[in-house]
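I opened the model to go through it feature by feature. These are my notes in the order I made them.

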Amino acid sequence: MKKKRVLILWFVLLTTIVGHSQSKPTQAKLKPKLTILKNGFIFDDNFGLKTGSIIIEDNQIIDLLYTNDLSKYPEATIIDITRKFVMPGLIDTHVHLATVPNLTREKSNKYMEDQLSKMIYAGITTVRDMTGNAIILADYKQVSALNQLPAPSIFYAAQFAGPDYFNLVRKHTTEKDTPWQRTITDTTNIKIVVAAAKGAGVSGIKIYNDLSARMIKKIVKEAKKQGLQSWSHAAVFPATPTDVANAKVNSMSHAFDIAYGFSSGKMDHSKKIPAIDTIKMDKLLLLMKANNVILDPTNYLANNNKLFDGMKITKRAHELGVKISTGTDWPYLFEKDNSVPLFKEIKILTDSCGFTNKDVLISATRIGAESIGVQDRGSIAIGKRADLYVINSNPLQNIENLKDGFMTIKSGIIYTKE
Ligand SMILES: [Zn+2]
C-alpha cells in the first residue's frame, strides 16, 4: 500500500515536470556579456610580458589571444589598452576592516565603504581580513560578491587565543566570546568552535596568542578537516614560531615577532627585542619552506613601530625560498598623504628585503591567493576570475608605477578613477 502511494507520487511528480517543460516555450538564453581588453602588455604566471588581448565573459577570463584577429568574438565590447600593462588584481593578506568599536551605524558604514573603495581603485581586488566583527564582515563580503559597491573580495578569519590574552584585552569591557573571537582552553571542544567559526562565514582560523604547541596542532587539524585554513601569528607563546611551523599552518604573520622565538621568554614589545640567532632563524625558515608555510611579514606595520628586524628576517626568508605574501595590517584611511599601505609594504620588500620587482609582484598576487587558499585568482589565465589591474606604465621597470593605475577589474566589473 505504502509502496503504491510512493509510485503514484512519483508519477504525479514526473508528469508535472515533463508536462511543464513541454507546455512552456523554451526561453532564449541571455547572451553572456563579453568584453575584450585589446592589445595590452599582459603579465603571465611568472610576470613575463606578452602583447595580446584578454577576453572576459561575465566574471571570468575565457580566452587569451596573442594575435590581432579578434573576429572570433564579433559582439564583444572592446576596450583598447594599447601600451598599457595588465596584471592580476593585487591582494592584501592582512587587513582589519571592522575593528573600530562603537561607531554610529552611519559612520561605521562610511568607514567601511571608504576603505573598500580606496582599495579597489588602487588595484586591490582581494583582501584577507585577520579578525574583526564577523557580522559586519559577512555583510560586506556578500555586498562585494554581488558587486553592489566598489570593493575587493573579502575573506576573513576567526581569532582563537588563550585566556591570558582575552583576560588582558577585555579587562575594561563586558565583551564575551563570539564564534569569531574565542577563548580556547584545554577543555574547549575544538570541533564545535571550529564549526561555529565556519558558521560565521570565516575562511580561516587565526591562531593568535597564549596557545600551546599541542593545542595549535589540534586546531590546525580540525580546521583542515572542516575545509578551513589556519593563519597563525609567528609568535603564539607558549608555542614558539618553530612549534607553529611544525603544526603546518598555512601562513604565519609578523616577521618581526620571529626574533622573540629565539629567546626563552614571552613576547614583550615594550622590552628590548632579542638579538636574532641566525642559525636558529635559518632552521626555522627552512622548516617553513619545507612545510609550505607562507610568511606574511607586515613590515610596514613593523617599521611604523620601530621593529626593524622584521626586514632582516623577511630578507633571509626570501633568500631561502620561503613564500612571502604582502599584508599591511595598517588602516587604509590613516595615511595623512592618502597613500596606499599596500604600495608601501611592497616598496619595503624591494628596497630592503632583496625582492626584485618581479618577485614582489608574484608575492602580491599569486602567493596572496595561495595564502588565502583560493585557486580561482592570483594569475592571468583562462578559467580564472577576471580580477585584473591595468596600469599605464610598467611595474617591472619601476615598482612605483603600481600607483599609475588605469582601471581595476574585479569579477568582470570595471572600476576607473575619474
Ligand atoms: Zn593583524
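For "buried" I used under 20% relative accessible area, with exposed over 50% and partly exposed in between (1.4 Å probe, protein chains only). Helices (H or I, at least four residues) and strands (E, at least two) are DSSP runs, numbered from the N terminus.

The model is predicted: local features need pLDDT of at least 70 and side-chain atom pairs count only at pLDDT 80 or more, while totals for chains, interfaces and linings use all residues. Residues are numbered from 1 along each chain as its sequence is written, and side-chain values use heavy atoms, with hydrogens and water left out.

Next I looked up the pairing, which requires that DSSP finds at least two bridges between two strands. Strand 10 (residues 204-209) pairs with strand 11 in the parallel sense over 4 bridges. Ile205 has Ser230 as its bridge partner in strand 11. Between these two strands the chain passes through helix 6 (residues 213-225), and this β-α-β crossover is right-handed. Right-handed here means that, with the strands pointing away from the viewer, the path from the first strand over the helix to the second runs clockwise.

On to strand 12 (residues 251-253), which runs parallel to strand 11 and is joined to it by 3 bridges. The bridge partner of Ser232 in strand 12 is Met252. The chain crosses from strand 11 to strand 12 through helix 7 (residues 241-246), again as a right-handed β-α-β crossover.

**Backbone entries**

Which peptide bond did I note as cis? The bond from Phe237 to Pro238 is cis, with omega near 10°. Pro238 is placed in the loop between strand 11 and helix 7.

I then recorded two residues with positive phi. Asn39 has phi near 60°, a positive value in a residue other than glycine. Asn39 lies in strand 1 (residues 34-43) and is partly exposed, with a relative accessible area of 25%. Thr298 is not a glycine either, and its phi is positive at about 50°. Thr298 sits in the loop between strand 13 (294-296) and helix 9 (299-304); its relative accessible area of 0% makes it buried.

His94 counts as buried because its relative accessibility is 0%, whereas His96, at 25%, counts as partly exposed.

**Salt bridges**

My search of the whole structure gave 19 salt bridges, each being a side-chain nitrogen of Lys or Arg within 4 Å of a carboxyl oxygen of Asp or Glu. Arg170 bridges to Asp177, with the closest N and O atoms 2.8 Å apart. Arg170 is buried at 12%, and Asp177 is partly exposed at 33%.

Lys344 and Asp337 meet at 3.9 Å, N to O. Lys344 is partly exposed at 26%, while Asp337 is exposed at 53%.

For Arg377 and Asp376 the closest N and O atoms are 2.8 Å apart. Arg377 is buried at 8%, and Asp376 is partly exposed at 30%. Elsewhere, salt bridges that share partners join Asp282, Lys315, Arg316 and Glu319 into one network.

**Aromatic rings**

I searched the whole structure for aromatic pairs and found 7. Rings of Phe, Tyr and Trp (its six-membered ring) pair if their centres lie within 6.5 Å; planes under 30 degrees apart count as stacked, over 60 as edge-to-face and the rest as tilted. Phe41, Phe43, Phe47 and Phe85 are linked into a cluster by ring pairs.

Last, I checked charges over rings (NZ of Lys or CZ of Arg within 6 Å of the ring centre and within 35 degrees of the ring normal). Lys50 lies over the face of Tyr66, 4.3 Å from the ring centre.
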